[in-house]
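Let's take a friendly walk through a protein model together. Have the 3D view ready to turn as you read.

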Amino acid sequence: MDLAFIPSPSTGVVHLGPIPLRGYAFCIIIGVFVGVWLGNKRWIQRGGRSGTVADIAVWAVPFGLVGGRLYHVITTYEPYFGKGGHPLNAFKVWEGGLGIWGAVALGAVGAWIGCRRRGIPLPAYMDALAPGLALGQAIGRWGNWFNQELYGRATDLPWALKISDDPSVGRIGGTYHPTFLYESLWCIGVALLVIWADKRFKLGHGRAFALYVASYCAGRAWIEYMRVDEAHHILGLRLNVWTALIGLVLSILYIVVSAKKVPGREEVVEPEAQDAVTDGTDKDTEDPKAAERAGEKGFKGAGTAKGAGTAKAAGSGKESVANGAAKLTKDAGTGSRSGGSRSGKES
């Protein structure tokens with residue numbers, strides 16, 4: 001008898017009148033918003049403008065959704081184009097089936113288009129976005145919980161996931177490893193790792209993003225190995241395990257090679273923002289300490305000018321008093337001599 005387990009939702013959709021509200025879609029949407037929010041904060045810290053990350057995400061997100069769906073349909077084509085398959089079901093994204101590899105790959109193409117239009121280096125943008133991507137994935141994985149999919153092998157551990165029986169989709173009820181939860185927690189750890197490493201080592205030129213890919217792939221490899229859903233195998237390993245291993249190796253190579261060729265971090269990530277800060281017209285990217293220092297400098301300058309003006313005025317006043325005293329003395333002397341002459345003549 002199972003004493004403890006994680007229950008699954010009885011349904012993944014709630015109808016608000018004729019409008020279906022799907023848990024899978026909500027998780028994806030919330031993940032996107034959180035990823036853009038965190039990416040925007042990091043972009044501003046790097047010297048970019050607020051809102052630039054969201055503007056480019058308008059290109060990246062649709063491309064990512066299409067790429068994720070394409071990867072899933074291509075690597076799991078049987079339900080759509082195999083014997084007895086339904087090709088139109090390939091468009092039913094809300095039923096689940098988004099491959100993160102295709103989402104990141106084609107999403108990067110969309111980001112490249114957006115960055116090119118704004119004159120922004122793509123590696124710097126991806127570095128700022130990397131932890132947000134991991135955090136967005138952590139939230140998005142809960143969509144699999146709503147759909148009761150992508151679980152691992154059977155287990156009786158206290159944190160086992162309870163899956164209901166559904167013969168229509170070939171699902172056998174029982175308790176299984178909650179691989180969606182494992183991956184969600186792993187992605188949170190990836191986000192924290194990238195934030196720490198970026199702050200500690202000042203990663204630039206795409207290396208923070210490469211660290212995200214490497215660390216995610218390392219976790220995805222062992223989590224994927226635990227899954228029991230249908231998948232293509234190569235040399236005894238699931239296709240996604242090979243994809244994770246290849247991604248891990250390539251991202252590590254990129255970090256090593258790029259660190260030698262272009263060490264350090266980009267000084268300017270958004271030229272327009274830099275120009276606006278220089279002109280003092282962009283409040284979103286202006287350095288508060290720089291503004292404070294400028295204010296102190298202006299105050300001191302004004303004080304110096306005021307002091308100089310006061311000293312000058314005081315000096316002028318003293319000079320006027322001295323001149324007046326000299327003139328008075330001269331007049332007094334003249335008056336004395338004139339008065340003496342008159343006295344002698346009168347006496």
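Our first stop is the second largest pocket, which has a volume of about 470 Å³. The model is a predicted one, so local features need pLDDT of at least 70 and side-chain atom pairs count only at pLDDT 80 or more, while totals for chains, interfaces and linings use all residues. Residues are numbered from 1 along each chain as its sequence is written, and side-chain values use heavy atoms, with hydrogens and water left out.

A pocket here is an open set of points on a 1 Å grid over the protein atoms alone, where a 1.4 Å probe fits and protein lies on both sides within 12 Å along at least five of seven lines. Its volume is the space filled by probe spheres set on the points, which are joined across faces, edges and corners. Which residues lie nearest the centre of the second largest pocket? They are Val104, Ala105, Phe209, Val213 and Gly247, out of 23 lining residues (those with an atom within 4 Å of a point). H4, H5, H8 and helix H9 (239-261) each give two or more residues to this lining; helices are DSSP runs of H or I with at least four residues, numbered from the N terminus.

Phe209 also belongs to a cluster, where ring pairs link it with Trp101, Tyr212 and Tyr216. Rings of Phe, Tyr and Trp (its six-membered ring) pair if their centres lie within 6.5 Å; planes under 30 degrees apart count as stacked, over 60 as edge-to-face and the rest as tilted.

Trp101 and Tyr212 turn up again in the largest nonpolar core, of 36 residues, where they join Trp43, Tyr125 and Val194 as the members that touch the most others. Such a core is a set of buried (under 20% relative accessible area, 1.4 Å probe, protein chains only) Ala, Val, Leu, Ile, Met, Phe, Trp, Tyr and Cys residues joined through side-chain atoms within 4.5 Å. Helix H1 (23-45) and helix H2 (52-75) are among the elements that give two or more residues to this core. A second, separate core of seven residues includes Trp145, Tyr151, Leu161 and Leu181.

Now look across the whole structure, where a search finds eleven aromatic pairs. In one of them, the rings of Trp142 and Trp145 have centres 5.6 Å apart and planes at 80 degrees, so the pair is edge-to-face. Why are Trp142 and Trp145 separated by about one helical turn? Because they are three residues apart in helix H6 (residues 142-147).

Note on methods: Buried means under 20% relative accessible area, exposed over 50%, partly exposed in between (1.4 Å probe, protein chains only).
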